[in-house]
Amino acid sequence: PVVGRWDRPVMGKYKIYSKSEHSGNPNSKVTFDHMTRFAYGMDGKTPIGFHSIPEYYNGEMMHSTDQLGLPIATGGCVRMDAKEAKKLYKWAEIGDTVYVLPSP
């Protein structure tokens, strides 16, 4: 299971365009690992991708692994368990296709 939004990213076909072992969002004051970027947010410039559950600068997780599978995200990224995010990061390559399907 993952955490995301039902409306972002928009349904469609994307390509992985970059990867970072460690990344973050200074606006939300969080860091996360194994970011695999494949889309952009509604502003056309904010990256969307797969990554581990974010941690605030104080080390507290944004949400628990028990909440994976719930549509509780505020951005557009797909949050995953750290172990699964690392597997995807290692497996995926720049240029690979990502299909975003409609939400049920």
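Here we go through a few of those words, one at a time.

Analyst: This is a predicted model, in which local features need pLDDT of at least 70 and side-chain atom pairs count only at pLDDT 80 or more, while totals for chains, interfaces and linings use all residues. Residues are numbered from 1 along each chain as its sequence is written, and side-chain values use heavy atoms, with hydrogens and water left out.

User: Why is Y89 called buried?

Analyst: Buried means under 20% relative accessible area, exposed means over 50%, and partly exposed is in between (1.4 Å probe, protein chains only). Y89 has 16%, so it counts as buried. You will find Y89 in helix α1, residues 82-91; helices (H or I, at least four residues) and strands (E, at least two) are DSSP runs, numbered from the N terminus.

User: Which residues is Y89 in contact with, leaving aside its neighbours within four places in sequence?

Analyst: They are K19, S20, E21, H34, M35 and T36. Contact here means heavy atoms within 4.5 Å. As for R37, 52 residues away along the chain, its C-alpha atom is separated from that of Y89 by 9.9 Å.

User: What about H63: is it buried or exposed?

Analyst: H63 has a relative accessibility of 6%, so it is buried. Its place is in the loop between β5 (55-56) and β6.

User: What makes the H63 and R79 side chains a polar contact?

Analyst: A polar contact is a pair of N or O atoms within 3.5 Å; within protein, one must be able to donate a hydrogen and the other to accept it, and residues adjacent in sequence count only if both atoms are side-chain atoms. The two side chains make theirs at 3.2 Å. Leaving aside neighbours within four places in sequence, H63 is also in contact with V3, I53, L68 and I72, among others.

User: Why is strand β4 described as largely enclosed?

Analyst: Five of the six residues of β4 (residues 47-52) are buried, so the rest of the structure largely encloses this strand.

User: How do you know that β4 pairs with other strands?

Analyst: Two strands pair if DSSP finds at least two bridges between them. Strand β3 (residues 30-40) and β4 have four bridges, in the antiparallel sense, and β4 and β6 (residues 78-80) have three, in the parallel sense. For example, Y40 has P47 in β4 as its bridge partner, and F50 stands opposite V78 in β6.

User: What lies between β3 and β4 in their hairpin?

Analyst: There are six residues between them, and G44 in the turn has a positive phi of about 80°.
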